[in-house]
Amino acid sequence: MNAVFLQGNATLHLYPHFQKLQEITGVSDYLSTEVSTSRERRFSLVTFIDTPGLVDGDMKYEFDVDKALIWLGEHVDLVLVFFDPLGQALCGRTLNIVEQLSDKAGERVHFYLSKADQAGSESDRQRVLMQIVQELCKRPALNKCGFNMPTIYIPQEDRVCRCVNQIEEVCVTIEKTIEQTVQHTLDQLERDCLTLRQATDTVLQ
């Protein structure tokens, strides 16, 4: 696998549809891109955006992180929310942003318990999941019927874990989204072509 690394300005040239982020002071100084070539699945059609982890309290960021995350969340096909059971699973700041995004585009927001193999015993894991779900249910935009939170982790050869790893579900969700996006793009192309044809006919007449 070959990788290419780009900094802020080069990133915005590579992804011009993200140039609006420049309007948020300081964001471009913290943008970077890693371009990797992979033949696995459909990853060649995917752009992953890893956003800053949020913490409660007096933590200060060099830019308006809330505004940046909400803008990104409104312009992507999927929002994957990873709850870390090792300390920040119930971060209020994260939940506030997720609630705003879910209120506007709830069908794109998916929740996962990451590092599930490090959450302790099965009872510990269930307790963490219940705490997260209880907190989410307190928020109207996140209190949904059929709520689902798969447990995922990166398996390690030297560690035996009895926790069910549902990371395959993440891949399936991504692949379904790719199929839908391709279909929507083709549908839009058909409509655009019809519009161009009608405009051309009008001019010729």
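## Basis of the model

Because the model is predicted, local features need pLDDT of at least 70 and side-chain atom pairs count only at pLDDT 80 or more, whereas totals for chains, interfaces and linings use all residues. Residues are numbered from 1 along each chain as its sequence is written, and side-chain values use heavy atoms, with hydrogens and water left out.

Leu113 is in contact (heavy atoms within 4.5 Å) with Phe83, Pro85, Arg125, Val128, Leu129, Ile132, Met149, Pro150, Thr151 and Ile152, if residues up to four places away in sequence are not counted.

## Helix H2

Seven of the ten residues of H2 are buried, a term that stands for under 20% relative accessible area, with exposed meaning over 50% and partly exposed in between (1.4 Å probe, protein chains only). The buried residues are Val65, Ala68, Leu69, Ile70, Trp71, Leu72 and Gly73, and they pack against S3 and H3.

Asp117 lies in the loop between S4 and H4 and counts as buried because its relative accessibility is 14%. Beyond its neighbours within four places in sequence, Asp117 is in contact with Tyr153, Ile154, Arg159 and Cys161.

Gly92, which lies in helix H3, also counts as buried, at 18% relative accessibility. With neighbours within four places in sequence set aside, the contacts of Gly92 are Asp56 and Arg139.

## Aromatic cluster

The structure holds five aromatic pairs, in which rings of Phe, Tyr and Trp (its six-membered ring) have centres within 6.5 Å, with planes under 30 degrees apart counted as stacked, over 60 as edge-to-face and the rest as tilted. Tyr15 and Phe18 form a tilted pair, 6.0 Å centre to centre with 45 degrees between the planes. Tyr15 is buried at 19% relative accessible area and Phe18 at 12%, and ring pairs link Tyr15, Phe18 and Trp71 into a cluster.

## Pockets

A pocket is an open set of points on a 1 Å grid over the protein atoms alone, where a 1.4 Å probe fits, with protein on both sides within 12 Å along at least five of seven lines; lining residues have an atom within 4 Å of a point. The largest pocket holds about 1,500 Å³ of space, and of its 41 lining residues the closest to its centre are Ile49, Asp50, Leu78, Val79 and Leu80. Grid points are joined across faces, edges and corners, and the volume is the space filled by probe spheres set on the points. H5 provides the largest share of this lining, eight residues.

The second largest pocket holds about 1,000 Å³, and of its 32 lining residues Ser32, Thr33, Phe48, Ile49 and Asp50 are the closest to its centre. Strand S2 (32-36) is among the elements that supply at least two residues of this lining, and the largest share, five residues, comes from S2.

Conventions. Helices (H or I, at least four residues) and strands (E, at least two) are DSSP runs, numbered from the N terminus.
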